[in-house]
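Me: I am new to this structure and would like to learn how to read it. Could you take me through a few features, one at a time?

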Amino acid sequence: MTENVKKYGLRVLIAASIYLFFRLTSEPMYSEKASNITVWPFLLLFAIFVVLFIWEVCDRVILYFARNFTHYLTSKRWLFFLFLATTLATFPLLTAFIYFENYYLKIWLNCVRDSYEEFFTDLPQAFVVAWLLITVEILKVYYTHIKNMEVEKNRMQKEILRTQYESLKNQINPHFLFNNFSVLDALIHTNQVLASDFLNQLSKLYRYILDNRENEMVPLSRELELLDSYMFLLQIRHENCIFLERNVTINPDNFYIPTLSLQMLIENAVKHNSFNKEHPLHIKIFTEDEQFIIVQNKISLKKQPARSTKVGLENIKSRYHLQSDKKVIIYQSEETFKVKLPILTSIKFA
């Protein structure tokens with residue numbers, strides 16, 4: 001309430017100042033009656049009303065575009081389009097007000113010499129004032145948006161640091177290491193060649209994690225290479241009860257996705273679903289045009305569901321939000337769980 005009082009109080013003061021400025025500079029246009037104490041307050045109140053009304057229309061038009069087309073507010077071409085749209089919305093109203101003032105109000109107040117001449121004198125002045133108001137409001141929205149983007153960017157960077165740590169901690173957690181070392185210990189006694197391969201793929205996985213722990217986005221090709229090592233470990237550990245089908249029809253070197261995102265989604269599928277040799281877990285990774293890479297699996301939930309922290313998915317969403325306006329799409333039916341990750345052709349920072 002207090003903010004509105006200050007806002008409209010300031011606008012009334014500006015409107016009165018505009019009226020007094022143009023009244024003093026255009027005084028010869030008015031008859032002597034215009035200086036009468038019983039006349040000029042009507043003209044002042046009308047001028048204040050017109051300025052407030054036009055200003056409010058500017059506000060509504062600009063705020064509509066600002067709310068519905070937020071991501072375009074940093075484009076100079078879009079700002080020019082917004083200027084034109086606001087001009088088209090306000091100038092017909094302004095023309096009507098000026099016409100009413102000169103052909104009705106001033107005649108009624110008996111303070112006009114030539115309605116036609118005064119109309120074409122007042123109209124350009126009104127247009128200049130309207131353009132100034134439109135420019136001020138657009139600049140205000142623009143700089144507010146820039147400021148909010150900086151605040152949001154800082155917040156997201158802090159959030160990413162936290163989720164990055166959680167993500168890395170989840171990847172290199174004691175249970176994961178213990179399970180893989182247990183498998184490795186068993187292989188050493190039964191199949192030393194396979195044990196050597198297992199250790200090699202395990203080292204590749206952790207080397208990748210450590211090398212990219214500070215990178216938010218990586219080329220899709222590198223993520224797909226990581227899956228070779230990760231799937232090798234999973235298939236040995238789960239005795240070939242997990243199968244991955246890949247159908248990537250684009251050049252993966254030209255696109256980017258969040259680091260470890262595919263691995264996180266496969267890990268979620270393994271964590272939440274029940275599977276065995278008779279009913280293995282089938283996971284599909286495929287591309288959709290040049291827009292998405294999709295990770296899909298059939299749902300066969302465990303009888304005792306694993307606790308879901310949703311850190312992985314939120315981490316992925318946060319990193320996309322920092323890089324692009326494209327959204328991660330999650331689809332779940334009774335039989336299928338699907339996550340569509342946008343693939344980006346460029347990134348703001350790695």
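Me: Where is the nearest side chain of opposite charge to Glu 223, and is Glu 223 buried or exposed?

Reply: Buried means under 20% relative accessible area, exposed over 50%, and partly exposed in between, with a 1.4 Å probe and protein chains only. A salt bridge is a side-chain nitrogen of Lys or Arg within 4 Å of a carboxyl oxygen of Asp or Glu. For charge, Lys and Arg count as positive and Asp and Glu as negative, while His and the chain ends are not counted. In this model, Glu 223 is buried but has no salt bridge, and the nearest side chain of opposite charge, Arg 222, is 7.2 Å away.

Me: What should I keep in mind about the model itself?

Reply: The model is predicted: local features need pLDDT of at least 70, side-chain atom pairs count only at pLDDT 80 or more, and totals for chains, interfaces and linings use all residues. Residues are numbered from 1 along each chain as its sequence is written, and side-chain values use heavy atoms, with hydrogens and water left out.

Me: Which helix holds Glu 223, and which residues does Glu 223 touch?

Reply: Helices (H or I, at least four residues) and strands (E, at least two) are DSSP runs, numbered from the N terminus. Glu 223 sits in helix H7, residues 220-237. Contact means heavy atoms within 4.5 Å. Leaving aside residues up to four places away in sequence, Glu 223 touches several residues, including Tyr 208, Val 218, Pro 258 and Ser 261.

Me: What does H7 lie across?

Reply: For angles, axes are lines fitted to C-alpha atoms, for helices over the stretch in contact, and angles run from 0 to 180 degrees between N-to-C directions. H7 lies across E2, strand E4 (281-288) and strand E5 (292-298), at about 160° to E2. Helix H8 (residues 261-272) lies across E2, E4, E5 and E7, running at about 150° to E4.

Me: In what order do the strands of the open sheet come?

Reply: Strands of a sheet pair through backbone hydrogen bonds, either parallel or antiparallel. Two strands pair if DSSP finds at least two bridges between them. The open sheet here has five strands in the order E2-E4-E5-E7-E6, with mixed pairing. Its edge strands, E2 (242-247) and E6 (329-332), each pair on one side only.

Me: How many bridges join E6 to E7?

Reply: Four bridges join them, and the two strands run antiparallel. A hairpin of three residues links E6 to E7. Across the pair, Tyr 331 stands opposite Lys 338, and Ile 330 stands opposite Val 339.

Me: Which residues touch the most other members of the largest nonpolar core?

Reply: A nonpolar core is a set of buried Ala, Val, Leu, Ile, Met, Phe, Trp, Tyr and Cys residues joined through side-chain atoms within 4.5 Å. The largest one has 46 residues, and those touching the most other members are Leu 220, Ile 242, Leu 262, Ile 266, Ile 293 and Leu 341. H7 gives the largest share of this core, eight residues. Another core, of 42 residues, lies apart from it, with Leu 43 and Ala 130 among them.

Me: Why does Leu 341 count as buried?

Reply: Leu 341 counts as buried because its relative accessibility is 0%. Leu 341 lies in strand E7, and the residues it touches include Leu 262, Ile 293 and Tyr 320.
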